[in-house]
Amino acid sequence: QVQLVESGGGLVQAGGSLGLSCAASGRTFSRYAMGWFRQRPGKEREFVASISWSGGTTRYADSVKGRFTISRDNAKNTIYLQMNSLKPEDTAVYYCSAETALIISTGRNVDYWGQGTQVTVSS
């Protein structure tokens, strides 16, 4: 019903910035909450940030609060994750997600996942 494709991953130095994008196609007329998760080496997938369909509500993991910013442009069917002050521990595969809810919180009810994009932060 919905396809999600991430882009923008790459290699950056600690303290640098990187922006990720996620383009949605398919049933994009539905009002999905969307968000970002990540999977660090040797760890389970974890919540990073989420945003309501209108963009009026956002949530962030404590580990990224103040450094990452999530946004969306419904006219372009795209969400973004601006990552600043990157740390080596931010190295992970980042996944885009969509859910038929007001906001994504735990990821247990996520309906759609992207394939992921690699972010590597060097020290």
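Guide: Let us begin with a term: strands are DSSP runs of E, at least two residues long, and helices are runs of H or I, at least four residues long, both numbered from the N terminus. Please bear in mind that this is a predicted model.

Visitor: How many helices and strands does the protein chain have?

Guide: The protein chain has 0 helices and 11 strands. Read from the N terminus, the elements run β-β-β-β-β-β-β-β-β-β-β. The radius of gyration is 13 Å, close to the 14 Å given by the globule rule for 123 residues, so the chain is as compact as a globular protein of that length. Along the principal axes, its C-alpha atoms fill a box of roughly 40 × 25 × 25 Å.

Visitor: What share of the residues in the protein chain is buried?

Guide: A residue is called buried when its relative accessible area is under 20%. Buried residues account for 43% of the 123 residues in the protein chain. The chain exposes about 6,300 Å², and 46% of this is supplied by carbon and sulfur atoms.

Visitor: In what order do the strands of the open sheet lie?

Guide: Two strands are said to pair if there are at least two bridges between them. Here 4 strands form an open sheet in the order β1-β3-β8-β7, with antiparallel pairing. Its edge strands, β1 (2-7) and β7 (68-73), each pair on one side only. On average, neighbouring strands of this sheet are turned by 15 degrees against each other, direction ignored.

Visitor: How many bridges join β1 to β3?

Guide: The antiparallel strands β1 and β3 (residues 18-26) are joined by 6 bridges. Within this pairing, valine 2 stands opposite glycine 26, and glutamate 6 has cysteine 22 as its bridge partner.

Visitor: Which side chains of β1 are buried?

Guide: The side chains along β1 alternate between two faces.

Visitor: Why is β9 described as largely enclosed?

Guide: Of the 8 residues of β9, 7 are buried, so the strand is largely enclosed by the rest of the structure. Its pairings may be taken one by one. With β4 (residues 33-39), β9 forms 7 bridges in the antiparallel sense, and arginine 38 stands opposite tyrosine 94 there. With β11 there are 3 bridges, again antiparallel, and valine 93 faces glutamine 118. With β10 there are 2 antiparallel bridges, where serine 97 stands opposite tryptophan 113.

Visitor: Let us turn to the loops. Is threonine 91 buried or exposed?

Guide: Threonine 91 lies in the loop between β8 (78-83) and β9 (92-99). Its relative accessibility is 14%, so threonine 91 counts as buried. A polar atom of its side chain lies 2.9 Å from the backbone nitrogen of valine 121. Apart from neighbours within four places in sequence, threonine 91 is in contact with several residues, among them Arg40, Pro41 and Gln118.

Visitor: And glutamine 115, is that residue buried or exposed?

Guide: The cut-off for exposed is over 50%. Glutamine 115 has 71% relative accessibility and therefore counts as exposed. This residue is found in the loop between β10 (112-113) and β11 (117-122). Beyond its neighbours within four places in sequence, glutamine 115 is in contact with Leu4, Glu6 and Tyr95. The C-alpha atoms of glutamine 115 and glutamine 3 are separated by 9.6 Å, although the two residues are 112 residues apart along the chain.

Note on methods: Residues are numbered from 1 along each chain as its sequence is written. This is a predicted model: local features need pLDDT of at least 70, side-chain atom pairs count only at pLDDT 80 or more; totals for chains, interfaces and linings use all residues. Side-chain values use heavy atoms; hydrogens and water are left out. Axes are lines fitted to C-alpha atoms, for helices over the stretch in contact, and angles run from 0 to 180 degrees between N-to-C directions. Buried means under 20% relative accessible area, exposed over 50%, partly exposed in between (1.4 Å probe, protein chains only). A polar contact is a pair of N or O atoms within 3.5 Å; within protein, one must be able to donate a hydrogen and the other to accept it, and residues adjacent in sequence count only if both atoms are side-chain atoms. Contact means heavy atoms within 4.5 Å. The radius of gyration is taken over C-alpha atoms; the globule rule is 2.2 Å times the number of residues to the power 0.38. Accessible areas come from the Shrake-Rupley method with a 1.4 Å probe; for residues, only the protein chains shown count as cover.
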